[in-house]
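Thanks for coming, everyone. I'll just put the structure up and we can walk through it together.

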Amino acid sequence: MIYLAGALLVWLALWAVNAKLANGPYSDSRAVSLSIPLIFGATLLIIWELAVRGLQVPLVILPPPSLIAQTVASQTATLWADFVQTFIKGALSGYVIGAIAAFVTAILVDRYDFLKRGLLPVGNFMAALPIVGTAPILVMWFGFDWQSKSAVVVVMVFFPILVNTVAGLGETTQMQRDLMRTYGASYMQGLIKLRLPAAMPFIFNGLKISTTLALVGAIVAEFFGSPTLGMGFRISTSVGQLALDMVWAEIVVAALAGSAFYGIIAAIEKGVTFWHPSQRT
């Protein structure tokens, strides 16, 4: 009961601190904007720790954050090797290949109307295919190493980026396109100087969506075959060994990597589309 009472007191105290910061005179400052989610996250972790210990939850069901942190610290080499195998080799390479392929295809779809009529419906069909169905096939095609995981990621990120890019290229008005023709601009000049800049918010929207899809795709693909390495492999084997602390350690690494990846793309977007209303504060 002491742990549960402590959890309640921590929740009330930190909730009051967050409410005061959010409604205070400096609520719009950068420091407060960063402090509020950090305090909220710390509140959840403390309540999790105290509740698990107070209710005596078995470790095979839900380990406390302190044990997860201890596992992360003691298994750094293993977690790093899994991170390189899954994120760097599988997710990141597939993300880059898929993004480039989607961008080039979007330009062709925009240029030739028959591709828009024929390819996009097929793309919507392919995007609806479940990963648990396509991943085993690609693993059999490309082998058990990171290449097959990269192929799964390419399939997952290709169509979201393609659809968003095509939508962005059609964002300019007919009057703007007619004005470019009046100036004697070619298709490529109009594309580079007018339509691509206008499409950037849409393109980055697809890129941001695909950051999470890439990591999820690479991890899930490892469930269907991988060398004795990788986040998905480690999660699968650790669950079988009832080593839930290692499972959660891999989840923490994946969450941090995915959040950092999304943040990098969002930061690049802010620099590229600084002129867009969504970036004005």
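So, let's start at I100, which sits in helix α4. Is I100 buried or exposed? It's exposed, because its relative accessible area is 51%, and the cut-off for exposed is over 50%. Keep in mind that this is a predicted model.

Together with V96, V104, L108, Y112 and F114, I100 makes a nonpolar surface patch of about 580 Å². Which helix gives the most to that patch? That's α4, residues 76-111, with four residues.

Now stay on α4, but look at the aromatics. Searching the whole structure turns up seven aromatic pairs. One of them is F83 with F87, a stacked pair, with 5.2 Å from centre to centre and 15° between the planes. F83 and F87 are four residues apart in helix α4, so about one helical turn separates them.

Okay, salt bridges. How many does a search of the whole structure find? Three, and I'll go through them in turn.

Number one is R53 with E49, where the closest N and O atoms are 2.5 Å apart. This one is local: both residues lie in helix α2, residues 30-54, and they're four residues apart, about one turn of the helix. The two partners differ in cover. R53 is partly exposed, because its relative accessible area is 39%, while E49, at 14% relative accessibility, counts as buried.

Next up is R234 with D82, the closest N and O atoms being 2.8 Å apart. R234 is in helix α10, residues 231-240, and D82 is in helix α4, so this pair ties together parts that are 152 residues apart in sequence. R234 is at 17% relative accessibility, so it counts as buried. And D82? Its relative accessible area is 0%, so buried again.

The remaining one is E269 with K208, with 2.9 Å between the closest N and O atoms. Here E269 comes from helix α11, residues 244-272, and K208 from helix α9, so the pair ties together parts 61 residues apart in sequence. E269 is buried, with a relative accessible area of 7%, and K208 is buried at 16%.

Where does α9 kink? At M200, by about 50°, shortly before the proline P201.

Going back to the loop between α8, residues 174-182, and α9, you'll find S186. S186 is partly exposed, with a relative accessible area of 38%. If you want a sense of distance, S186 and A255 are 69 residues apart in sequence and 45 Å apart in space, C-alpha to C-alpha.

Last topic, backbone angles. Q56 has a phi near 55°, a positive value in a residue other than glycine. Where is Q56 found? In the loop between α2 and α3, residues 65-74. Q56 counts as exposed, because its relative accessibility is 69%.

The other one is L242, with a positive phi of about 60°, although it is not a glycine either. L242 is in the loop between α10 and α11, and it's exposed, with a relative accessible area of 53%.

That's what I had, so let's open it up for discussion.

Definitions and conventions
Residues are numbered from 1 along each chain as its sequence is written. This is a predicted model: local features need pLDDT of at least 70, side-chain atom pairs count only at pLDDT 80 or more; totals for chains, interfaces and linings use all residues. Side-chain values use heavy atoms; hydrogens and water are left out. The bend at a residue is the angle between axes fitted to the seven residues ending there and the seven starting there. Helices (H or I, at least four residues) and strands (E, at least two) are DSSP runs, numbered from the N terminus. Patches are made of residues with over 30% relative accessible area and no salt bridge: like charges are joined within 9 Å, nonpolar side chains (Val, Leu, Ile, Met, Phe, Trp, Tyr) within 5 Å. Accessible areas come from the Shrake-Rupley method with a 1.4 Å probe; for residues, only the protein chains shown count as cover. A salt bridge is a side-chain nitrogen of Lys or Arg within 4 Å of a carboxyl oxygen of Asp or Glu. Buried means under 20% relative accessible area, exposed over 50%, partly exposed in between (1.4 Å probe, protein chains only). Rings of Phe, Tyr and Trp (its six-membered ring) pair if their centres lie within 6.5 Å; planes under 30 degrees apart count as stacked, over 60 as edge-to-face and the rest as tilted.
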